[in-house]
Amino acid sequence: MAQRSMQAEPYEYTFDPKTTALVVIDMQRDFVEPGGFGEALGNDVSPLQAVIAPCRRMLDVARTMGMLVIHTREGHAPGRGKITIGDEGPMGRLLVRGQRGHEIVPELAPVAGEVVVDKPGKGAFFATDLDHILRNRGIKSLIVCGVTTEVCVNTTVREANDRGYECVVLQDCVGSYFPQFQKAALDMIKAQGAIFGWVSDSTRAVIALRN
Ligand code: C5J
């Protein structure tokens with residue numbers, strides 16, 4: 001496959017689909033669905049639900065093209081002493097591995113051959129084997145989707161950039177409970193000549209991948 005070019009900010013993002021992975025961060029019921037951890041904290045989950053359809057669009061394209069797909073899940077051992085994590089909710093103990101709320105939303109459920117990375121923190125590289133998985137497959141670039149933009153997406157993109165991966169974040173495929181954080185988090189990524197990444201959207205990504 002040849003090098004592709006995606007319209008993006010602050011300038012075009014070039015990548016080879018063969019050495020690019022689609023990374024879908026923490027699209028779990030606990031963040032996205034009513035009754036989960038996010039709502040228990042008092043947040044409106046509708047901005048996060050809005051990213052399901054564009055994420056699905058990206059998954060469909062990546063699957064058709066045979067790209068490596070990585071899903072991540074944030075989860076903690078029961079009993080972690082943080083307020084509300086581990087509390088009982090309608091989908092089980094909040095943000096605890098093995099509980100219903102910890103699952104990826106059904107619309108974006110992993111299919112056979114896709115990688116699921118369980119992470120104990122915000123960044124997907126910390127205390128996981130993600131870097132080894134990507135290096136073993138020769139991956140150099142990441143197309144990043146998921147939630148939340150300013151927390152796990154931002155942390156993961158910073159970690160990826162430090163490890164030499166070039167990341168583009170699709171703005172309609174990432175979501176925050178807070179509109180001001182959504183904007184700030186995306187602005188930070190692309191500031192100073194793509195200081196740690198590029199920002200584009202699913203429409204421009206699909207055009208780049210299909211051409
Ligand atoms: C948070 C995440 N916000 N996936 N996790 O606690 O962004």
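1. A friendly word on terms first: two strands count as paired if DSSP finds at least two bridges between them. Helices (H or I, at least four residues) and strands (E, at least two) are DSSP runs numbered from the N terminus. With that in hand, W198 is the bridge partner of V168 in β10.

2. Now the ground rules. This is a predicted model, in which local features need pLDDT of at least 70 and side-chain atom pairs count only at pLDDT 80 or more, while totals for chains, interfaces and linings use all residues. Residues are numbered from 1 along each chain as its sequence is written, and side-chain values use heavy atoms, with hydrogens and water left out.

3. Next, the sheet. Six strands form an open sheet in the order β7-β4-β3-β8-β9-β10, with parallel pairing. Its edges are β7 (115-119) and β10 (198-200), each of which pairs on one side only. On average, neighbouring strands are turned by 25° against each other, direction ignored; axes here are lines fitted to C-alpha atoms, for helices over the stretch in contact, and angles run from 0 to 180 degrees between N-to-C directions.

4. Helix α8 (residues 202-210) lies across β8, β9 and β10, and runs at about 130° to β9.

5. Strand β9 (residues 166-175) has partners on both sides in the strand order. Six bridges join β8 to β9 in parallel, and I143 has V168 as its bridge partner in β9. Three bridges link β9 and β10, also in the parallel sense. Seven of the ten residues of β9 are buried, where buried means under 20% relative accessible area, exposed over 50%, and partly exposed in between (1.4 Å probe, protein chains only).

6. E74 stands opposite K119 in β7. The covered face of β7 consists of V115, V117 and K119, and the uncovered one of V116 and D118.

7. Aromatic rings are worth a visit. Rings of Phe, Tyr and Trp (its six-membered ring) pair if their centres lie within 6.5 Å; planes under 30 degrees apart count as stacked, over 60 as edge-to-face and the rest as tilted. By this rule the count comes to seven aromatic pairs. One of them is Y11 with W198: the centres are 5.5 Å apart and the planes at 80°, so the pair is edge-to-face. Because Y11 lies in the loop between β1 (4-6) and β2 (13-15) and W198 in strand β10, the pair ties together parts that are 187 residues apart in sequence. Y11 is partly exposed at 43% relative accessible area, whereas W198 is buried at 8%. Y11, Y13, F15 and W198 form one aromatic cluster.

8. Finally, the ligand. Its surroundings are D26, F31, E74, K122, V147, T148, V151 and C152, a residue being near a molecule if one of its heavy atoms lies within 4 Å of it. A polar contact is a pair of N or O atoms within 3.5 Å; within protein, one must be able to donate a hydrogen and the other to accept it, and residues adjacent in sequence count only if both atoms are side-chain atoms. A side-chain N or O atom of K122 is 3.3 Å from a ligand oxygen. A polar backbone atom of V147 lies 3.1 Å from a ligand nitrogen, and a backbone N or O atom of T148 is 2.9 Å from a ligand oxygen.

Technical notes
Contact means heavy atoms within 4.5 Å.
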